[in-house]
Amino acid sequence: MPARPLSASPLSLAPPLAISLRSAHLTYGGLVLFDGLDLELPGGVFTCLLGPSGIGKSSLLRLLAGLTSPGVSGDLRGSDGRGLTGRVAYMAQQDLLLPWLSVLQNVTLGSRLRSEPANRGRALDLLAQVGLADSALVRPDTLSGGMRQRVALARTLMEDRPLVLMDEPFSGLDALTRLRLQALAAELLAGRTVLLVTHDPLEALRLGEQILVMNGRPATLSALPDLPGAPPRDPGDPALQAAYRAILRRLEAQ
Amino acid sequence: MKSLGRLLSTLAGLLALWQVIVTFGELPPYILPDPLAVISVLWKDSGPLLYHAGVTGLEIILGMVFGTLLGCASALLLSYSQHARRWLLPMLIASQAIPVFAIAPLLVLWLGYGMGSKIAMSMLIIYFPVTANFYDGLRHTPRGWLDLARVMLPGSQPGSHRWAILRHIAIPAALPALASGLRVAAAVAPIGAVLGEWVGSSAGLGYLMLHANSRMQVSLMFAALFVLAALAVLLYFFVDAGLRRLLPWHPITPTTDPETY
């Protein structure tokens with residue numbers, strides 16, 4: 001099936017949603033991981049949040065996703081002044097495909113949960129865009145790790161939400177598959193407000209239009225200077241190599 | 001087919017061992033009849049044996065069906081309501097401390113000599129493995145799936161979408177655990193039915209065995225025992241095959257690769 005552009009939905013016609021999070025706080029196991037943290041996500045911008053493991057990146061993402069965990073709090077709103085409930089799509093490190101559903105049914109999981117009629121045509125379009133048009137009717141256990149994560153990407157896009165949150169979505173993949181999926185994600189998520197959490201500096205440099213580094217305890221956020229070129233950037237680019245060294249210095253500094 | 005071949009060769013080996021014990025142990029036929037005598041009774045009395053096997057089989061199947069329904073309902077209630085958990089769980093565990101053997105006479109007194117008391121016995125004996133396994137499965141839904149579902153469902157109250165999550169995520173995810181419970185149930189359900197028949201009945205393989213025992217028809221007793229064993233094995237294989245067919249997505253062979261989890 002040839003890939004066709006997605007039919008424009010009312011959401012994608014609206015101006016991209018900017019997000020601001022104020023005075024975020026996280027206590028975990030008696031430790032204050034961050035306190036009074038402010039995060040700005042400009043509308044329509046692919047933001048990468050980079051930081052070492054255990055710094056509280058995932059908790060910050062879960063806070064934005066509206067997933068309550070004990071010890072986390074923060075004041076969250078969109079640029080239109082409303083809350084984010086029902087306006088977020090979430091993609092995790094694990095593909096989280098349900099093994100008892102077909103690939104197509106997994107892509108349309110959201111409408112299944114909400115008891116809405118599923119838009120099969122759009123789901124098949126998205127599967128074609130991630131290169132899995134032929135696998136729509138198989139069960140996920142027959143797919144490779146990279147293919148499964150592509151299904152997860154299609155499911156995330158199927159939700160068509162203004163804010164897309166991704167928690168190290170490509171870290172479990174081999175290098176080549178990871179590069180391909182990064183390119184695919186950059187292409188398909190262009191124009192949306194995205195926050196991608198990663199511990200891989202190269203991934204952030206390749207995908208981020210805005211790159212935030214999170215480190216220290218309690219953790220603080222600092223923005224990296226803007227990089228030339230549009231994502232997905234070539235990992236061999238010398239400008240990226242220089243930025244890579246700068247990031248490592250910044251991560252080591254604290 | 002392979003497992004059937006293994007079963008038949010095990011059976012042949014046991015029969016040969018049996019014959020050896022009878023021949024060299026010089027046991028009188030009213031203690032241990034030789035296999036040929038039992039086989040001839042199986043052939044000669046196949047009519048009554050089949051009839052009584054049918055009665056016992058029906059008791060077991062109905063006990064399985066009702067026990068499974070009751071067990072599933074209890075597990076759902078336990079996972080859904082904290083109050084149910086507080087009140088029911090201690091009772092569920094205490095109920096396992098009382099052996100079914102002890103309440104069998106009571107059930108016969110209450111439900112009579114017919115099938116009812118045997119079905120109730122089978123239900124009681126499978127109730128715990130079904131409930132405990134399914135409840136365990138319902139409690140251990142992978143957190144990632146729950147997170148995904150919560151982000152997809154609009155609405156701020158945490159409890160507002162429990163039914164959708166239960167129906168589309170938690171129950172399917174718990175089905176492999178329920179299947180383990182049902183396999184155990186299929187193995188123990190015949191115990192309940194035969195136990196009920198021993199305590200008081202007018203039909204069934206347990207009744208036939210008691211009857212044959214009191215008349216020193218030891219060959220018939222062995223024949224009934226053999227039919228009961230065949231019935232139990234058949235039930236287990238039927239349930240196992242059915243579960244595999246119903247849950248094709250659940251791997252039967254344990255995974256050795258930790259990354260698949």
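A polar contact is a pair of N or O atoms within 3.5 Å; within protein, one must be able to donate a hydrogen and the other to accept it, and residues adjacent in sequence count only if both atoms are side-chain atoms. Across the interface of domain 1 of chain A and domain 2 of chain A, two residue pairs are in polar contact, both at pLDDT 80 or more.

The model is predicted: local features need pLDDT of at least 70, side-chain atom pairs count only at pLDDT 80 or more, and totals for chains, interfaces and linings use all residues. Residues are numbered from 1 along each chain as its sequence is written, chains are lettered from A and ligands numbered from 1 in the order in which they are written, and side-chain values use heavy atoms, with hydrogens and water left out.

Together the domains bury about 890 Å². Of this, 75% is on carbon and sulfur atoms. Buried area is the accessible area (1.4 Å probe) that two parts lose on being put together, summed over both.

The interface also holds one salt bridge (a side-chain nitrogen of Lys or Arg within 4 Å of a carboxyl oxygen of Asp or Glu). A:Asp160 forms a salt bridge with A:Arg192. Their closest N and O atoms are 3.1 Å apart.
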